[in-house]
Amino acid sequence: MLVVHPHFHPRRTGVTSHTELVVPALRPLVDARAMGELLDAGVPRITAREVLAAAKADDVIWHAHRNNEVLWGLALKLLRKRVRLVFTRHGSNPPGWLTRWLFAKVDALVTLNDEVAALAGHPSRIVQHGVSLARFRPPVDRAAAWKALGLPGSRGIGVVGRIRAEKGQGDFVRALVPLLDAHPDWTPVLIGLAKGADLDWARSLVAETKGRLVLAGEQQDVVRWYQGLSIVAQPSHREAFSMVHLEAMASGAGLVASRLPYLPSVVDDGRTGFLYPPGDVEALRALLARLMSTPALAEAAGRAAAEEAKARFGVEREARALAELYQQVLQSA
């Protein structure tokens with residue numbers, strides 16, 4: 001069996017990172033390759049010509065993550081009878097007519113949590129994302145890791161992810177502004193891409209903090225930021241599944257996150273992180289004030305989160321679930 005994860009998208013996204021992570025994790029279990037552009041050079045690759053050649057004599061699982069990739073898979077299936085289609089639905093919004101039509105054309109649909117499964121309105125297998133525990137791990141010394149970032153203050157508090165309104169960075173800043181004068185040793189930072197109008201908006205957030213907020217931009221090596229930050233906030237208003245939660249937990253940072261529908265199954269509120277109602281700036285402010293005043297609380301939650309990530313959220317677990325699904329797809333063909 002050959003498993004192909006295509007990546008036909010013009011820019012890097014969370015799906016890109018997921019593809020780069022899950023394909024190598026699948027390799028001990030199945031012959032897994034990626035196909036497309038913008039992927040890390042170390043990810044095993046395959047060409048369309050090689051897929052067509054392989055499908056003459058072997059079963060091929062085409063595991064798509066976007067509509068255009070499913071359409072490619074349907075074309076392959078017309079050319080080679082041994083191609084089977086698996087589709088992971090990443091979006092947290094209701095699917096459009098084309099996406100719903102594609103659901104009926106694939107051999108198996110994968111969703112990330114109960115919410116996405118319900119929105120899909122089609123039978124699916126829930127397979128939660130995993131994180132690389134070899135890459136995302138607690139630092140030996142968080143204070144030293146923060147100092148190595150070259151930013152002022154002795155502690156960092158920040159948001160990781162693309163900067164735009166629905167990701168909640170505005171809530172984070174509004175919650176934090178009244179707290180900054182009382183905590184001069186804390187430096188707020190946004191780590192992520194901001195372009196065009198979003199960049200203008202991000203700069204306005206810096207002005208709201210009177211220059212205290214640091215815009216770190218998109219980072220190729222985000223691990224060192226997770227290891228340096230004492231508190232990672234994830235204030236998003238909506239997500240199908242955010243890898244930030246798992247990456248922060250595995251890195252032992254104190255996680256403060258909006259209570260998205262699926263998140264209580266990931267974060268044990270008060271033990272491995274702290275949850276608040278999405279968009280509730282006052283509730284977010286209260287949590288941040290408590291943790292910034294008593295950093296030991298964030299440290300304890302970070303330690304518990306790292307242990308939880310080791311036990312439950314390694315990418316190897318996700319790979320095993322997918323490999324099992326692939327076998328079931330072939331057996332039912």
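Reader: What makes the span of helix 12 (residues 295-312) close to the expected one?

Author: Helix 12 has 18 residues and reaches 26 Å from its first C-alpha to its last, close to the 26 Å expected. The expected span is 1.5 Å times one less than the number of residues. Helices are DSSP runs of H or I with at least four residues, strands are runs of E with at least two, and both are numbered from the N terminus. This is a predicted model, where local features need pLDDT of at least 70, side-chain atom pairs count only at pLDDT 80 or more, and totals for chains, interfaces and linings use all residues. Residues are numbered from 1 along each chain as its sequence is written, and side-chain values use heavy atoms, leaving out hydrogens and water.

Reader: Which residues of helix 12 are called buried?

Author: Among them are P295, A298, G302 and E308. Buried means under 20% relative accessible area, exposed over 50%, and partly exposed in between (1.4 Å probe, protein chains only). Across the chain, buried residues make up 53% of the 333 residues.

Reader: Why is W97 called exposed?

Author: Its relative accessible area is 65%, and exposed means over 50%, so W97 qualifies. W97 lies in helix 4 (residues 97-103).

Reader: How do you know that the chain is as compact as a globular protein of that length?

Author: First, the inventory: the chain has 13 helices and 12 strands. Its radius of gyration is 21 Å, close to the 20 Å that the globule rule gives for 333 residues, so the chain is as compact as a globular protein of that length. The radius is taken over C-alpha atoms, and the rule is 2.2 Å times the number of residues to the power 0.38.
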